[in-house]
Amino acid sequence: MRFGWALAGALLLSAMSVSAEPLQELRVLSEHPVDGMRGGNLSGLAMCGSELWAVSDRDDDQIYRLHTADQVWQAEALHIDVPPVPETGLPWGLRSRNWAASFVRGGDLDFEGISCDSTGNRYIVSEGHAAVLQVPVSGPINWLKISPMMVREARASGMLLHFNAIFEGLAINPAGDQMWLAGERQNRGLLLIKRQQTVWDCDGRCVLLSEGGKEMQPPQFPHAKAVDRDFSDLSLFNGKLFTLERNAFQICRRDAQTAKVERCWSYAAELLQANRRYSQNFGLEEALIVDAEGAWVGVDNNFGPRADGEVRPIVWRFAAPEGGWSAKP
């Protein structure tokens with residue numbers, strides 16, 4: 001029995017340990033505070049053509065176009081008239097807790113990610129309702145008709161079971177007919193749905209990945225400990241799915257059809273420098289765009305100041321890794 005407990009402990013420590021092979025560190029090129037977001041709490045970024053768009057999880061009635069000519073960016077609000085949210089299969093208990101929380105924090109819809117197709121249509125994921133809003137270039141704003149099989153399959157796999165741990169990011173392909181969604185934590189996971197005439201549905205299966213467990217925070221984190229594995233945003237680039245994994249302070253490249261991880265890069269050395277640290281005991285990065293030259297990463301700091309006193313949301317520009325995003329380990 002003692003041997004069995006020892007073996008179980010060794011396996012647990014192994015599962016939580018940091019890879020012996022250190023990850024290549026990404027390098028910050030620039031840093032941009034964002035002014036003008038009414039609710040603060042920048043929770044998603046998307047590049048639509050040449051325009052950069054953002055959402056806040058505290059604002060239900062507007063999204064933001066970011067003006068990026070200067071070092072400090074200015075957010076311009078676009079009002080949106082959101083229709084009633086459809087039934088998605090999310091249990092009443094989770095929806096009611098979100099409704100109650102909205103009176104304290106603001107944001108019943110809890111927008112947590114934004115993505116664009118090649119024609120400029122914007123897609124926004126609501127964590128509070130496990131739903132996706134389409135804001136087209138022209139025409140009425142609407143909720144996508146998503147098969148309830150998606151939520152049922154996700155919950156059966158262990159995802160979407162906990163309040164404030166539902167969908168945290170999304171990515172859509174340029175053609176606008178395939179969409180990936182990121183389940184945040186406990187379990188974290190990745191889902192793929194496809195547009196089939198008027199309904200978005202699973203193509204065989206929705207869940208590409210569902211996993212629980214913990215992993216160690218990077219050694220630069222003060223009093224590093226084992227924390228829940230999580231996803232906080234997604235970006236699709238060159239046919240690969242990139243996941244923002246804020247508790248591990250890393251970006252990972254994954255196969256878009258299987259979700260298998262291919263390579264990860266760390267940003268801990270840059271964002272855990274003393275002047276950039278926040279007092280919260282977990283990662284705060286919630287927005288990701290990957291492109292050929294690098295990546296944009298945005299923080300949802302919950303109005304909390306970082307060590308140098310900055311309270312505005314921040315977006316960082318990282319250089320692409322040595323060898324590019326497609327480089328093998």
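## Strands, Bonds and Buried Residues

User: Which residues does E127 touch, not counting residues up to four places away in sequence?
Analyst: In this predicted model, a contact means that heavy atoms lie within 4.5 Å. Leaving out residues up to four places away in sequence, E127 touches L109, D110, E112, N164, A165, I166, F167, E168 and E184.

User: What is the relative accessible area of E127, and is E127 buried or exposed?
Analyst: E127 sits in the loop between strand 7 (122–126) and strand 8 (131–135), where strands are DSSP runs (E, at least two residues) numbered from the N terminus. Buried means under 20% relative accessible area, exposed over 50% and partly exposed in between, with a 1.4 Å probe and protein chains only. E127 has a relative accessible area of 2%, so the answer is buried.

User: What pLDDT does the chain average, and what is the pLDDT over residues 1–20?
Analyst: Residues are numbered from 1 along each chain as its sequence is written, and side-chain values use heavy atoms, with hydrogens and water left out. Since this is a predicted model, local features need pLDDT of at least 70 and side-chain atom pairs count only at pLDDT 80 or more, while totals for chains, interfaces and linings use all residues. Residues 1–20 have eight contacts in the model beyond near neighbours in sequence, and their pLDDT is below 50.

User: Why is strand 11 largely enclosed by the rest of the structure?
Analyst: Strand 11 covers residues 178–183. It is largely enclosed because, of its six residues, the number buried is five.

User: How many bridges pair strand 10 and strand 11, and how many pair strand 11 and strand 12?
Analyst: Two strands pair if DSSP finds at least two bridges between them. Strand 10 (residues 167–172) is antiparallel to strand 11, with I172 and M179 as bridge partners. Strand 11 is also antiparallel to strand 12 (residues 188–196), where G183 stands opposite G189. The bridge counts are five for strands 10 and 11, and for strands 11 and 12, six.

User: Which residue takes a positive phi in the hairpin of strand 11 and strand 12?
Analyst: In the hairpin of strand 10 and strand 11, five residues lie between the strands and G176 has a positive phi near 75°. The hairpin of strand 11 and strand 12 has four residues between the strands, and there a positive phi near 50° belongs to Q186.

User: Which side chain makes a polar contact with the side chain of R188?
Analyst: R188 lies in strand 12 and counts as buried at 3% relative accessibility. A polar contact is a pair of N or O atoms within 3.5 Å; within protein, one must be able to donate a hydrogen and the other to accept it, and residues adjacent in sequence count only if both atoms are side-chain atoms. The backbone oxygen of D230 lies 3.0 Å from a polar atom of the R188 side chain. At 3.3 Å, the side-chain partner is E245.

User: In what order do the four strands of the open sheet run, and what is the average twist?
Analyst: The pairing in this open sheet is antiparallel and the order is 17-18-19-20. Strand 17 (233–237) and strand 20 (261–266) are the edge strands, each pairing on one side only. From one strand to the next, the twist averages 25°.

User: How far apart in sequence are the parts that the C48 and C116 pair ties together?
Analyst: A disulfide is a pair of cysteine sulfur atoms within 2.5 Å, and C48 and C116 form one with their sulfur atoms 1.7 Å apart. C48 belongs to strand 2 (residues 42–48) and C116 to strand 6 (residues 111–116), so the distance along the sequence is 68 residues.

User: Is the disulfide of C252 and C264 left-handed or right-handed?
Analyst: A disulfide joins C202 to C206, and the torsion about that S-S bond is about -85°, so this disulfide is left-handed. C252 and C264 are joined with an S to S distance of 1.9 Å. Their S-S torsion is about 105°, so the disulfide is right-handed.

Terms used
pLDDT is the predictor's confidence in each residue, from 0 to 100. Axes are lines fitted to C-alpha atoms, for helices over the stretch in contact, and angles run from 0 to 180 degrees between N-to-C directions.
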